[in-house]
Amino acid sequence: MLRSFSEEERDMDVLREQMSREEKIEDGQHLLQQRVAHLHLRIIHMEDDGNCQFRAISHELYGHQRWHHTVRQTCVNYLISNTEKYSFFVGSDDEWNSYIVKMSQTKTWGDELTLRAAAEAYNCTIHVTTTEKQNWLLHYYGAEGDSDTVRALFLAYISPIHYNVVCPIDMSLK
């Protein structure tokens, strides 16, 4: 008997719930690879040292991940300058101050707030392809909104641990 697509999806959801964290990450990497291949993209791997989100943004902005410290500082400065806009996502004044101190330190993982801050500080659109089953394509818009003249950055996120860059496959190599 043939099973419906939705039945297979439910069965896969049950299997995913039973997976270890490492198995879920591996499953997510496989799914991400399928998604980028379907879009005719490839993954450029960032160093895995806790700075990967900032490395990926640096790579997209400056052509190399080595400027991640500058990107981090720009994001943190932007968050500080826009405390009234962002602090309520974190909590009390003390929690916000602790967040800023922590986020200022190298090897602290970036999060959604730092993605939003980067998009706005650099006035760019950041597109993130994720390993999530739903909402797997995210967009963070800069101060000018979704404009054709705004620079676009393309990241890949292996939930919940790592950011890379995605770029077109060089068809001339095939």
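Which residues in H4 meet which residues in H7? Thr74, Cys75, Tyr78 and Leu79 in H4 meet Leu113, Thr114, Ala117, Ala118, Glu120 and Ala121 in H7, where contact means heavy atoms within 4.5 Å.

## Model and conventions

This is a predicted model, in which local features need pLDDT of at least 70 and side-chain atom pairs count only at pLDDT 80 or more, while totals for chains, interfaces and linings use all residues. Residues are numbered from 1 along each chain as its sequence is written, and side-chain values use heavy atoms, with hydrogens and water left out.

## Overall architecture

The protein has 7 helices and 5 strands. Both are DSSP runs numbered from the N terminus: helices are H or I with at least four residues, strands E with at least two. From the N terminus the order of elements is α-α-β-α-α-α-α-α-β-β-β-β.

Of the 174 residues, 40% count as buried. Buried means under 20% relative accessible area, exposed over 50%, and partly exposed in between, with a 1.4 Å probe and protein chains only. Among contacts with a separation of 6 or more, 59% come from residues 24 or more positions apart.

## Helix H4

Helix H4 covers residues 68-81; at 1.5 Å a residue its 14 residues should span 20 Å, and the end C-alpha atoms are 20 Å apart, which agrees. The expected span is 1.5 Å times one less than the number of residues.

His68, Val71, Arg72, Cys75, Val76, Tyr78 and Leu79 are the buried residues of H4. Seen down the helix axis, these residues fall within an arc of 160 degrees, so they line one face of H4. The arc is taken from the directions from the helix axis to the C-beta atoms. The cover over the buried residues of H4 includes helix H3 (52-62), helix H5 (83-86), helix H6 (93-104) and helix H7 (112-121).

Two packed helices are described by the angle between their axes and the distance between the axes. Axes are lines fitted to C-alpha atoms, for helices over the stretch in contact, and angles run from 0 to 180 degrees between N-to-C directions.

H3 and H4 pack at about 105 degrees with their axes 8 Å apart, and are therefore roughly perpendicular to each other. Angles under 35 degrees count as roughly parallel, over 145 as roughly antiparallel, 65 to 115 as roughly perpendicular and the rest as oblique. On the H3 side, Phe54, Arg55, Ile57, Ser58, Leu61 and Tyr62 meet His68, Val71, Arg72 and Cys75 of H4. The axes of H4 and H7 come within 9 Å and cross at roughly 90 degrees; H4 and H7 are therefore roughly perpendicular to each other.

## Aromatic pairs

The structure holds 4 aromatic pairs. In one of them, the ring centres of Tyr78 and Tyr86 are 6.4 Å apart and the planes lie at 65 degrees, so the pair is edge-to-face. Rings of Phe, Tyr and Trp (its six-membered ring) pair if their centres lie within 6.5 Å; planes under 30 degrees apart count as stacked, over 60 as edge-to-face and the rest as tilted. Tyr78 is buried at 18% relative accessible area, and Tyr86 is buried at 2%.

## Loops and backbone features

Gln105 lies in the loop between H6 and H7 and is partly exposed at 42% relative accessibility. Gln105 and Arg72 are 33 residues apart in sequence and 8.7 Å apart in space, C-alpha to C-alpha. Lys107 is found in the loop between H6 and H7; Lys107 is not a glycine, but has a positive phi of about 70 degrees.

A cis peptide bond, with omega about 0 degrees, joins Ser159 and Pro160. Pro160 is in the loop between strand S4 (151-158) and strand S5 (162-168).
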